[in-house]
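Me: I should like to go through a structure with you. Could you begin with the terms I will need?
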Amino acid sequence: MADAALSALQNLATAELILHLLLGITIGLVIGLLPGLGGVVGMSLFLPFLFGMDPFVGMAMLVGFAAVGQTSDTYPSVLLGVPGSAGSQATILDGYALARQGQAARALGASFSASMIGGVFGAIALLAVITVARPLVQALGSPELFMLTVLGIATVGVLVRGDALLGLLSALIGIMIGTIGGAPATPEYRYTFDSLYLWDGVPLVAVAMGLFALPEVLTLLVHRIRIAGRAELEDGLFEGFRETLRHKGLVLRSSLLGTGIGAVPGMGGSVVDWMAYGVAQQTARDNSQFGRGDIRGVIAPESANNAKEGGTLMPTLILGIPGSGTSAVLLGGLILMGLTPGPSMLAENLDVTLTVVWALVLANIAATTVCFFLSKPISRITLIPAQILAPFLLVLFFAATYQSTEHWGDILSVIAIGLVGFAMKLVGWPRAPALIGFVLAANLERYLHLSISRYQYEWMTFPAVLTIGALVVLMATGGPIFRYYQSSGDREKGTAS
Amino acid sequence: MTRAEIILRLVLSAVLLAVAVSYTIIALDFHELARYAPVAAGGLSSVLLLAVVVREVVRLRRYDVVTAGSYSRSIEHVEEGEEGVTTKSLLAAVRYAGWIVGFLALVWFFGLEVAAALFVGSFLRLDAEMSWRFTAISVAAVMLFLWVFGTIIGFEWPEGVYFPL
């Protein structure tokens, strides 16, 4: 195995492969900067060029793109408060809060360094488990996957500060939007109101843009402010890097979590950042600043987000089961290049698989270096007054949104959801749980249906189901209970003093 | 929390309650296998939203006596430097929502490329009160951006329905 790994590294060290890797990184960087265009949409652009391409060259380009996409999508999340892709949603909570305090460079520095460590961790994990992962992944059935999905929604209990009722309601609204379109178990199209556009449901890009982008732009315009509240940007790029090293335990824990969740087919990247954020908040000794600009709220999701790429590639390469939207496109790319994803990737095509691992390592390091040195000039965007920035952002948002299905419905969906999102922001309803609910709605329904169809209600007694169920209860109630006792303690201290 | 915010929350909750109840009623007509999730999500939402509506009505009635001190705000609410909800801010929000609707109308008529140029140009001149020079450069930059992504990368932009240019 060591010889094969070394040989794969030598394969990658050719001018042609390095050039294609850099090409993938460059295009990924540009696409990742545009809110909503990262991930699946961006990777899909590559597919037409892959047909008949040498597998090594093609994989280097694709992996380069995938790695940088997970890194550069932090820019819109931190600087604009808009998720660059599904995997960078949780970064908004603290990253954008830091940007508003004039600490965008610090947030970006921490984010990119955490991303690099997470990405390399994921690649090493992929290498380590590539031969033993198969039975582990196959052991997860629909009941366990259903419970893992519920666990994702249970993070709401951790994320929402104060009014857990509103958090739960927000998640339910997300699930309601997520049930629009075809039902997973039967050919029934729900809430489509005779519109063909709604048959496939509302696209994730439209929901994310509506919930976050429009409300943020409207808020900036209404209050006539800059994204950064202060006129000066603090020089915190290397400070952010040092923060990441200071929280190395958190980086490793989040990377491990990201790799683990990424390896579960179907869970994908949409939930891993939230889970990492929730765990970081839950386990922090002092979590009072989470959501208001705590650097740990940036480090945890970004480490997990990049680490998950290695994890996601495990089921994709070993079983031929895509772990996320981007890995589904990657799978398509493999097929276009004449490869057969699955067990053969560990036998006759082991060299390609190991090249993927090395490409992932190199791409993460190169992408982080590029993003790191571009942070300072790019973060100056937060100093531009809203009245000047807003028209460009609105054009960008609508142009990006239209790309998800190239239908007018996308734009109308953004407007409709955006108005609800703005109202939610005005009255203090948390919007993040709605996005989690929306993202997980399809999986929730699909796995529940499969579980009941296969096992009736017996699946509820499975040991793994009960274990994850206990975790769900812990996640959902632990946060509010902990905060209740914490605030009771604070009140008692206040009374005593 | 201001009185205006409580009223806004009440209105939002009431509207969402109406949507959730309608959503649940519609779900009852679905095939059995397609019904579980919508009925569960819609039913639970309706109950919880009703609770929120009742809570906000009570809160509104007690507003003069009990201030919002015991009310915990969510993590996203009213960040540093922002003001709470006021009539002035609501009017400003309506005005900017009007700009967005106007932009959409332009896209509908002329397609994205022309609409983007018109929107960016008029917004920068009328609202941001920028110079003609800055406005012209900005419009050119937007056009170049859309051209690069439309021509070189091959993105499709929405075309005007009535006046495709």
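Reply: Let us begin with pLDDT, which is the predictor's confidence in each residue, from 0 to 100. Helices (H or I, at least four residues) and strands (E, at least two) are DSSP runs, numbered from the N terminus. This is a predicted model, in which local features need pLDDT of at least 70, side-chain atom pairs count only at pLDDT 80 or more, and totals for chains, interfaces and linings use all residues. Residues are numbered from 1 along each chain as its sequence is written, chains are lettered from A and ligands numbered from 1 in the order in which they are written, and side-chain values use heavy atoms, with hydrogens and water left out.

Me: Where in chain A is confidence lowest, and where is it highest?
Reply: The lowest mean, 58, belongs to helix α11 (residues 156-159) of chain A, and the highest, 90, to strand β2 (residues 189-190) of chain A. Chain A averages a pLDDT of 78, and 80% of its residues score at least 70.

Me: And what does chain B average?
Reply: Chain B averages a pLDDT of 82, with 83% of the residues scoring at least 70. Over residues 68-82 of chain B, however, pLDDT stays under 50. Where pLDDT is low, the predicted coordinates should not be read in detail.

Me: What ipTM does the model score?
Reply: The model has an ipTM of 0.83 and a pTM of 0.71.

Me: New topic: at what angle do α12(A) and α22(A) pack?
Reply: Helix α12 (residues 164-178) of chain A and helix α22 (residues 432-455) of chain A pack at about 45°, with their axes 6 Å apart. Axes are lines fitted to C-alpha atoms, for helices over the stretch in contact, and angles run from 0 to 180 degrees between N-to-C directions. The two helices α12(A) and α22(A) are therefore oblique to each other. Angles under 35 degrees count as roughly parallel, over 145 as roughly antiparallel, 65 to 115 as roughly perpendicular and the rest as oblique.

Me: Which residues make that contact?
Reply: Contact means heavy atoms within 4.5 Å. Among the residues involved are Gly167(A), Ala171(A) and Gly174(A) of α12(A), and Gly437(A), Phe438(A) and Ala441(A) of α22(A). By class, the contact of α12(A) with α22(A) has eight nonpolar, five polar and no charged residues. Ala, Val, Leu, Ile, Met, Phe, Trp, Tyr, Cys and Pro count as nonpolar, Asp, Glu, Lys and Arg as charged, and the others, Gly among them, as polar.

Me: How do α21(A) and α3(B) cross?
Reply: The axes of helix α21 (residues 408-427) of chain A and α3(B) come within 12 Å and cross at roughly 175°. That makes α21(A) roughly antiparallel to α3(B). Residues of α21(A), including Trp408(A) and Phe422(A), meet residues of α3(B), including Leu90(B) and Trp108(B). This contact of α21(A) with α3(B) has 11 nonpolar, no polar and no charged residues.

Me: How many salt bridges are there over all chains?
Reply: The search finds 10 salt bridges, a salt bridge being a side-chain nitrogen of Lys or Arg within 4 Å of a carboxyl oxygen of Asp or Glu. Arg106(A) forms one with Glu243(A), their closest N and O atoms being 2.6 Å apart. The pair links distant parts of the chain, with Arg106(A) in helix α8 (residues 104-129) of chain A and Glu243(A) in helix α14 (residues 237-246) of chain A, 137 residues apart.
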